[in-house]
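Let's walk through this protein together, starting with its overall layout and then turning to how its parts pack. Keep the model open beside you as you read.

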Amino acid sequence: MSVDPSILLALVTMAGLLTGTLADPLIDQLYSDPLLYSPYGRCARCNTRLLPFGAIALIGYLRWRAHCPHCRRRFPLRSVLLPLTMAAFFAVTLLAHDDARRIGLTMLFGSFALIFITTDVERRTLSGRLMYAALAAAAIAGPFWPHHGVINLYATGAGILAGFAGLRLFFGLRLGVGDVKMTALLGLTLGLPGAAIAFGIAVIAALGAIMVASADSRPQMRALPYGALLGIGMIAALLWAESLARVF
Ligand SMILES: [Zn+2]
């Protein structure tokens, strides 16, 4: 049985939209101080139940113009951006790769990366619980990537982890513990040369972030979101490692 490519693309895009919508309310549960709607579809300020299935993302955002209809509390931009970026990412993944296993794994680890980007931009936080889940998934997925040797992935993950942990411990590199774990996740999912490409992209993205962060009035937001920058590099390398390797 073969599915029309355009129908498949539409289905995959819908799956991305749905994944982002369902992931959105979970993100608040990753913070120690749930802020926006907790748990599942209740406004955190007035506790009104807003939607039966919980996720305020997209539908609620558009329906109530980004505000709780009862207390007027503003919803985060994330609720609309996460589903849309995840839908776009799923669609691009389908177009970028041919191998079904690679497509599936790219979608899984790209979704982790998108959630880390979101939390890091929003709160300068990379959830430890989610990071351990991602690292465990990456370790299990190691042998299933079609284009990588599992030795490459494990050695790159361990090598990068040791390298950045050492730089942080002995040379005072200003990188959070969560950011160091994120570098290990890059190594475990991308191997070499993918991880090196991801770091290159992260450095380029950092130049843009410096300009944005310096304009933010909140002092805590002037720190660079290293985790998000690494996440951007990770997504680029998951999608286009081979093409980017030729550019660099
Ligand atoms: Zn409310």
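Which domains does the domain assignment of the protein give? Keeping in mind that this is a predicted model, the assignment gives domain 1, covering 1-80, and domain 2, covering 97-248. If you take the C-alpha centres of domain 1 and domain 2, you will find them 25 Å apart.

Now look at where the domains meet. Domain 1 brings seven residues into contact with 10 residues of domain 2. On the domain 1 side of this meeting place, α1 gives the most, with four residues. Sorted by class, the side of domain 1 that touches domain 2 has five nonpolar residues, one polar and one charged.

While you are in this part of the chain, stop at N47. This residue sits in the loop between α1 (5-30) and α2 (59-63). Is N47 buried or exposed? It counts as exposed, because it has 11 C-beta neighbours inside 10 Å, and a residue with 12 or fewer falls in that class.

The crossing in which α5 passes α7 is left-handed. Which residues make the contact? From α5 come G128, M131, A134, L135, A138 and A139, and α7 answers with G178, K181, A184, L185, L188 and T189. By class, this contact of α5 with α7 has eight nonpolar residues, three polar and one charged.

Finally, follow α7 to its packing with helix α8 (residues 226-247). At what angle do α7 and α8 pack? The angle is about 105 degrees, and the axes are 5 Å apart. Since angles of 65 to 115 degrees count as roughly perpendicular, α7 is roughly perpendicular to α8. The residues of the contact of α7 with α8 divide into 22 nonpolar, six polar and one charged.

Methods:
Residues are numbered from 1 along each chain as its sequence is written. This is a predicted model: local features need pLDDT of at least 70, side-chain atom pairs count only at pLDDT 80 or more; totals for chains, interfaces and linings use all residues. Helices (H or I, at least four residues) and strands (E, at least two) are DSSP runs, numbered from the N terminus. A residue is buried if 20 or more other C-beta atoms lie within 10 Å of its own, exposed if 12 or fewer, and partly exposed in between; C-beta atoms are placed from the backbone. A crossing is left-handed if the near helix is turned anticlockwise from the far one by less than a right angle, and right-handed if clockwise. Two residues are in contact if their C-beta atoms, placed from the backbone, lie within 7 Å. Ala, Val, Leu, Ile, Met, Phe, Trp, Tyr, Cys and Pro count as nonpolar, Asp, Glu, Lys and Arg as charged, and the others, Gly among them, as polar. Domain bounds come from an automatic or database domain assignment. Axes are lines fitted to C-alpha atoms, for helices over the stretch in contact, and angles run from 0 to 180 degrees between N-to-C directions. Angles under 35 degrees count as roughly parallel, over 145 as roughly antiparallel, 65 to 115 as roughly perpendicular and the rest as oblique.
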